[in-house]
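These entries record what I looked up on charged side chains and their surroundings.

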Amino acid sequence: MNRFRNFRFGTLRESIPFAILIALYLVVNQAAQAQTGSLADVSFMEGRWKGTFNGGPIDAAWAAPQGDNLAGFMRMMKDNKVTMYELLIFEQTEKGPIVLVKHFKPGLIGSEEKDVSDRYSFVEAKKNQALFEKSDGSIRIIYEKRSDNQLVIQRGNQKDGKWVFADLFVFDRVK
């Protein structure tokens with residue numbers, strides 16, 4: 001009986017480190033896969049959308065993902081004059097999709113330096129929703145299709161150690 005007990009204990013003791021390694025591998029691997037994402041996670045944005053922002057109309061359009069990218073733009077206007085253009089490019093990387101954003105004033109004058117763009121990394125996705133974080137960690141953006149005919153872009157900032165989001169743009173589908 002003592003030999004059997006020692007044998008079981010010895011085998012268990014030897015297998016605990018192995019089991020811990022397997023468990024750690026599964027947790028890390030699952031977390032890595034959860035954060036990878038793909039352009040399919042933002043394909044719900046495809047189409048033409050219209051809303052209002054800052055007292056004027058805002059138009060947005062996104063093409064379907066093709067190859068390693070999804071391209072889109074926004075046009076903001078007030079008093080029948082453009083106030084800003086925004087070019088958004090979603091590119092697939094090994095770590096998941098990233099969003100590259102460039103802003104332009106009327107006359108297509110760039111707001112950022114020519115080789116600089118705002119860069120957002122993929123955080124996570126759910127059905128019809130994708131979360132991205134700006135490279136400096138200061139802002140998070142949620143792209144969300146709330147219904148077949150409504151697309152919302154929310155902007156989040158840290159408050160008291162938590163991310164707080166508010167609707168930035170609310171779009172209705174253009175048919």
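I took buried to mean under 20% relative accessible area, exposed to mean over 50%, and partly exposed to mean in between. The model I consulted is predicted.

Entry 1: salt bridges around Lys50. I searched the whole structure and found 6 salt bridges. I then looked up Lys50, which forms a salt bridge with Asp59, the closest N and O atoms lying 2.7 Å apart. Is Asp59 buried or exposed? I noted a relative accessibility of 7% for Asp59, so this residue counts as buried.

Entry 2: Arg146 and its partners. I found Arg146 in a salt bridge with Glu144, at 3.3 Å from N to O. Glu144 counts as buried because its relative accessibility is 17%. A salt bridge also joins the side chains of Arg146 and Asp167, at 2.8 Å from N to O. Arg146 lies in strand 9 (residues 140–147) and Asp167 in strand 11 (residues 162–173), so I read the pair as tying together parts that are 21 residues apart in sequence. Arg146 is partly exposed, with a relative accessible area of 39%. Asp167 counts as partly exposed as well, at 40% relative accessibility.

Entry 3: Glu112. I located Glu112 in the loop between strand 6 (109–110) and strand 7 (118–126). Side chains of opposite charge can pair when their charged atoms come close. I did find a polar contact of 2.5 Å between the side chains of Glu112 and His103. Not counting residues up to four places away in sequence, Glu112 touches Val101, Lys102, His103 and Asp118.

Entry 4: Asp68. I located Asp68 in the loop between strand 2 (56–62) and strand 3 (69–78). Asp68 has a relative accessible area of 47% and is therefore partly exposed. Its side chain makes a polar contact with the side chain of Asn69, at 3.3 Å. Leaving aside neighbours within four places in sequence, I listed Leu39, Phe90, Glu91 and Gln92 as contacts of Asp68. I also noted 8.9 Å between the C-alpha atoms of Asp68 and Pro97, which are 29 residues apart along the chain.

Note on methods
Residues are numbered from 1 along each chain as its sequence is written. This is a predicted model: local features need pLDDT of at least 70, side-chain atom pairs count only at pLDDT 80 or more; totals for chains, interfaces and linings use all residues. Side-chain values use heavy atoms; hydrogens and water are left out. Helices (H or I, at least four residues) and strands (E, at least two) are DSSP runs, numbered from the N terminus. A polar contact is a pair of N or O atoms within 3.5 Å; within protein, one must be able to donate a hydrogen and the other to accept it, and residues adjacent in sequence count only if both atoms are side-chain atoms. Contact means heavy atoms within 4.5 Å. Buried means under 20% relative accessible area, exposed over 50%, partly exposed in between (1.4 Å probe, protein chains only). A salt bridge is a side-chain nitrogen of Lys or Arg within 4 Å of a carboxyl oxygen of Asp or Glu.
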